[in-house]
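Here are a few notes to read alongside the structure. Keep the viewer open and find each spot as you go.

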Amino acid sequence: MYYSEDIVEEVRMKNDIVDVISGYVKLQKKGSSYFGLCPFHSEKSPSFSVSRDKQMYYCFGCGAGGNVFTFIMEYENYSFVEALKMLAERAGVELPEMEYSKEAKEKANLKNTLLEMNKLAARYFYSQLKGKNGEHAYRYLTDRGLTDTTITQFGLGYSNKYSDDLYKFLREKGYSDDLIRQAGLINTDEKHGIYDKFWNRVMFPIMDANNRVIGFGGRVMGDGKPKYLNSPETLIFDKSRNLYGLHRARTSRKPYFLICEGYMDVISLHQAGFTNAVASLGTALTAGHASLIKRYVSEVYLTYDSDEAGTKAALRAVPILKEAGISAKVIRMDPYKDPDEFIKNLGAEAFEQRIGKARNGFMFSLEILERQYDMHTPEGKTEFYYEAAKRLAQFEEEIERNNYIDAVAEAYHIGYDSLRKLVAKAAVQSGMASPVARPRTTHAKEQQKEDGMLQSQKILLTWMIEDESLFGMIRKYIMPEDFTTKLYRTVALLLYEQYEKGEVNPAKIMNHFTDEEEHREVAALFHTKIRELTTKSEQEKALKETIIRVKENSIETATRNLEPTDIVGLQRLMESKRAVQDLQKLHISIN
């Protein structure tokens, strides 16, 4: 969805960043800025700065920074459009209606109708739980240690023994059979006709990240089968791309999630203070789940059941999470079956200790693998070491692979060099490496050079935004086209335009980037961490060297792309090279 830069800027200007952030963080004015404890990492001394003049925030501790849109996106984990809509509503700005095709409009209307029905169903189930028909279901929940507050927070309910109650309720509200069926709330067959999907069950509303009811889980009262029943896939419910408890866990501000198997595990952990617990919805963890988790955290603790099925589920989840860039650790619940039982018997403090003792996902997989071999015999040990080596060979990054080789060698009392050779042999035999290793130094040097150049370009942009006098000096030698990365070049063009108009406003520049990833990257551009330069001569030397590096890289890039017949382009390159030679001899003075 696209909104014009004028609309985006209007919303930004009508949402003063200090006023908005004050609703989330306690700020105290110091000089021209406001300071508070950073909401994005744990700290005891305030290093989170908010500037009313610049309409930007920055944390000197973790490097988080940006404008008011960035803050809402990071804190609420919203997309850019979601943050824009929230801030527009806050400021009373009416966003223009978007034009939809007939099909898109019909789909959007159907989606809204299904959400309305699920919301009504959740309220109906909750009222049943609190009524006379739900006394035994309510007692079941309280007997399992849940408080009234927790029951209300999670919107728990009850579908009573009559198998058409909800159907009648929704029909009275004006919904057709077809719509109720599309919401996944009824079944139809020749023998029974139309009947409720859920009946005689404790109900667990499933909410998306924006607190909208998208489906249900139901736990049967008595010995009926299945014990747990989930909503079917619908237009609004995809169990492989949603997590139970995410609507609460995403606001916990903890840097990791606790991944559980069941509804009650999540609820018990939240009640015990572990508000970052979530669960997959009656299915094994999928790549879709991992992708969703990655939006919020880059580390998880798996708290699956301690039985064989739970162990297998954890082993399947670890590589899926790793593929998504998430590190995983495994918490063992022994001697109890699951987090719910563990919390009830040993309490929150003991569970916190288990978190501290959690095993690295890869090392846990080796512990389970070890059980298949007789480690008291040379043959058993050799077979185990070779299987471990095959798994180690699967790490693509050399430094990560070597670190794991070191950890495994120490844990299983085998020499590092011996294990490393075994890993190399396993890699060759499995086709993951050639017998003669190709030198990677050239590639590594090229990558290092590229990373260093990107950093130099980022530093220049940060300097130009921070200090107008530095911009005046830098622009003598560097123009927007000298920034060889497309995103950086676009930022530079906007910045140079602002300087020409005499209105430097980095917060406004960020409005140009509505793609979430680009927006966050631009926010980082404006707050590049720069090594502290204490003396004037150090600053002048660093500025000169950075300008030369960026200019030389620009010339190299232009030379590679130059057509042999482009005489004018060649002349410009020659002039640029002479300018760099002159700059080498020049002394840059910072006043």
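1. Start with helix H21 (residues 486-501) and helix H23 (residues 516-525): in this predicted model, their axes come within 11 Å and cross at roughly 65 degrees. The crossing of H21 and H23 is right-handed.

2. Now zoom in on where those two helices touch. H21 brings Leu 487, Tyr 488 and Val 491, and they meet Glu 518, Glu 521, Val 522 and Leu 525 of H23. Sort the residues of this contact by type and you get five nonpolar, two charged and no polar.

3. Next, have a look at two prolines. The peptide bond from Lys 225 to Pro 226 is cis, with omega near -5 degrees, and Pro 226 sits in the loop between strands E10 (213-220) and E11 (228-230). The bond from Asp 334 to Pro 335 is cis too, with omega near 5 degrees; you'll find Pro 335 in the loop between strand E16 (327-330) and helix H14 (339-356).

4. Which is buried and which is exposed, Asn 200 or His 413? Asn 200 has a positive phi of about 55 degrees without being a glycine, and it belongs to the loop between strands E8 (193-196) and E9 (201-207). His 413 also isn't a glycine and has a positive phi of about 55 degrees, but its loop runs between helices H17 (398-411) and H18 (416-429). Asn 200 counts as buried because its relative accessible area is 13%, under the 20% cut-off. His 413 is exposed, at 73%.

5. Finally, zoom out. The chain has 25 helices and 17 strands, and 47% of its 591 residues are buried.

Methods. Residues are numbered from 1 along each chain as its sequence is written. This is a predicted model: local features need pLDDT of at least 70, side-chain atom pairs count only at pLDDT 80 or more; totals for chains, interfaces and linings use all residues. Side-chain values use heavy atoms; hydrogens and water are left out. Axes are lines fitted to C-alpha atoms, for helices over the stretch in contact, and angles run from 0 to 180 degrees between N-to-C directions. Helices (H or I, at least four residues) and strands (E, at least two) are DSSP runs, numbered from the N terminus. A crossing is left-handed if the near helix is turned anticlockwise from the far one by less than a right angle, and right-handed if clockwise. Contact means heavy atoms within 4.5 Å. Ala, Val, Leu, Ile, Met, Phe, Trp, Tyr, Cys and Pro count as nonpolar, Asp, Glu, Lys and Arg as charged, and the others, Gly among them, as polar. Buried means under 20% relative accessible area, exposed over 50%, partly exposed in between (1.4 Å probe, protein chains only).
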